[in-house]
Amino acid sequence: MDLRTIEWKNGQIKIVDQTKLPGKLEYLYIRDLKTLWHAIKELKVRGAPALGAAAGLGVYLGVKDSKAKTFARFYGELDKVIRYLGSSRPTAKNLFWGLERMGSAAIKNQEKAITEIKKILFDEAQKIIEEDRSACRKIGIYGAKLINKFDTIMTVCNAGILATIDYGTALGVIYRAGEEGKKVKVFACETRPLLQGARLTVWELKRKGVDVTLNCDNMAAILMAQGKIDKVIAGADRIAVNGDTANKIGTYSLAVLAHHHKIPFYIAAPSSTFDLSIKSGKGIVIEQRNSCEVTDLFYKRKMSHKAVKVFNPAFDVTPHNLITAIITEKGVIRAPFSKNIKRVIKSCKG
Ligand code: MRU
């Protein structure tokens with residue numbers, strides 16, 4: 001049963017509606033930009049690499065019916081689409097990387113007829129999708145080399161099929177290890193407040209037949225203290241030049257705990273997640289989300305005082321010194337990150 005998180009189908013963007021999981025595997029067909037913007041904002045489609053694909057397909061969707069006769073007009077419309085989609089969520093680099101890539105593809109071909117440019121944009125979006133499929137599989141190959149036959153791995157959020165096109169980054173490493181005959185077990189942190197671990201990671205690991213146990217986020221320390229975790233692997237939303245990594249809220253706590261218990265802590269991410277324009281995690285914009293996600297969303301009744309102030313950042317930044325290595329499609333990057341990230345990410349490999 002092949003699962004595709006996002007694709008172009010019959011003139012529309014087809015996504016798995018992740019807010020319906022694990023109850024129902026339901027697809028949403030998106031015909032207009034506003035629906036796509038809301039799908040991104042509400043995490044119907046989510047995960048950094050999947051957002052890169054949404055950017056590619058979204059830009060094409062936004063300009064495919066343009067009536068512009070000149071490139072200047074066409075580009076004006078395209079730029080508006082890019083800015084609109086870029087206003088949906090701020091943290092995942094892949095979203096902006098995808099948008100910029102679509103903008104550059106148009107500019108590079110501005111001498112061509114508008115109909116031809118539209119076709120080029122469609123092809124560019126398909127390339128983003130195919131590159132993600134290939135990158136995730138390479139991340140899996142590099143990452144699986146770090147995994148021993150009977151390892152138990154802790155992960156957070158969902159960095160799997162549902163966060164990419166069809167394979168995953170952190171979970172891609174686990175899938176590849178399984179394909180190589182390793183008997184890996186997984187502890188999935190539930191990932192409050194939106195429960196991507198409980199709802200999505202458990203769903204897809206079960207579907208793939210991986211041995212998975214669900215734990216509340218605040219149970220990670222006891223699991224590590226009891227010697228039950230051999231490695232932690234998480235995904236990433238944006239990685240600075242010095243290796244500081246933004247990922248789902250709670251990732252930083254896991255890195256601190258892993259460091260204390262001398263457990264290797266890995267980040268798995270494609271090169272499209274790296275932001276070589278920022279020196280450190282201080283430059284990463286962290287999305288703040290609605291308080292009702294903490295107080296109401298998955299409860300039958302409000303679970304706190306009705307006037308409580310709520311702190312709800314969607315991501316945190318793990319400092320590079322807590323990261324053992326970053327697994328990419330171009331190879332495994334280790335400290336000193338400031339030197340090695342630039343060297344590996346800028347190379348043509350991968
Ligand atoms: O808010 P989300 O669900 O979009 O957050 C996703 C994550 O934090 C993932 O770990 C990250 O995007 C990497 S996905 C391969």
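D65 sits in the loop that links α2 (48-63) to α3 (71-86), with helices (H or I, at least four residues) and strands (E, at least two) taken as DSSP runs and numbered from the N terminus. The model is a predicted one, so local features need pLDDT of at least 70 and side-chain atom pairs count only at pLDDT 80 or more, while totals for chains, interfaces and linings use all residues. Residues are numbered from 1 along each chain as its sequence is written, and side-chain values use heavy atoms, with hydrogens and water left out.

Back to D65: its relative accessible area is 51%, so D65 is exposed. The cut-offs here are under 20% relative accessible area for buried, over 50% for exposed and partly exposed in between, with a 1.4 Å probe and protein chains only. D65 and T115 are 50 residues apart in sequence, yet their C-alpha atoms are 9.8 Å apart in space.

Zooming out, the chain folds into eleven helices and 14 strands. Its radius of gyration is 20 Å, which agrees with the value near 20 Å for a compact globule of 350 residues; the radius is taken over C-alpha atoms, and the globule rule is 2.2 Å times the number of residues to the power 0.38. The C-alpha trace spans about 65 × 50 × 40 Å along its principal axes. Of the 350 residues, 57% are buried. The exposed surface comes to about 15,600 Å², and carbon and sulfur atoms supply 54% of that area (Shrake-Rupley method, 1.4 Å probe; for residues, only the protein chains shown count as cover).

On the charge side, there are 58 positive and 34 negative side chains, and the centres of the two sets lie 2 Å apart. Lys and Arg count as positive and Asp and Glu as negative, with His and the chain ends not counted; each charge is placed at NZ of Lys, CZ of Arg, CG of Asp or CD of Glu.

Across the boundary, 29 residues of domain 1 are in contact with 33 residues of domain 2, contact being heavy atoms within 4.5 Å. Among contacts in the chain between residues at least 6 apart in sequence, 74% join residues at least 24 apart.

A few backbone details are worth a look. The L21 to P22 peptide bond is cis, with omega near 10 degrees, and P22 belongs to the loop between β2 (12-16) and β3 (27-30). Another cis bond joins A335 and P336, with omega about 0 degrees; P336 is in the loop between β14 (331-333) and α11 (337-346).

Positive phi in a residue other than glycine turns up at C157, near 60 degrees, and at K262, near 55 degrees. C157 lies in the loop between β4 (152-155) and α6 (170-179) and is buried at 8% relative accessible area. K262, in the loop between α9 (251-260) and β10 (265-268), counts as exposed at 73%.

Finally, E190 occupies the loop between β5 (185-189) and α7 (196-207). E190 is buried, with a relative accessible area of 17%. Leaving out residues up to four places away in sequence, E190 touches L195, Q196, G197, A198, L214, N215, C216 and D217. The C-alpha atoms of E190 and L214 are separated by 6.5 Å, although the two residues are 24 apart along the chain.
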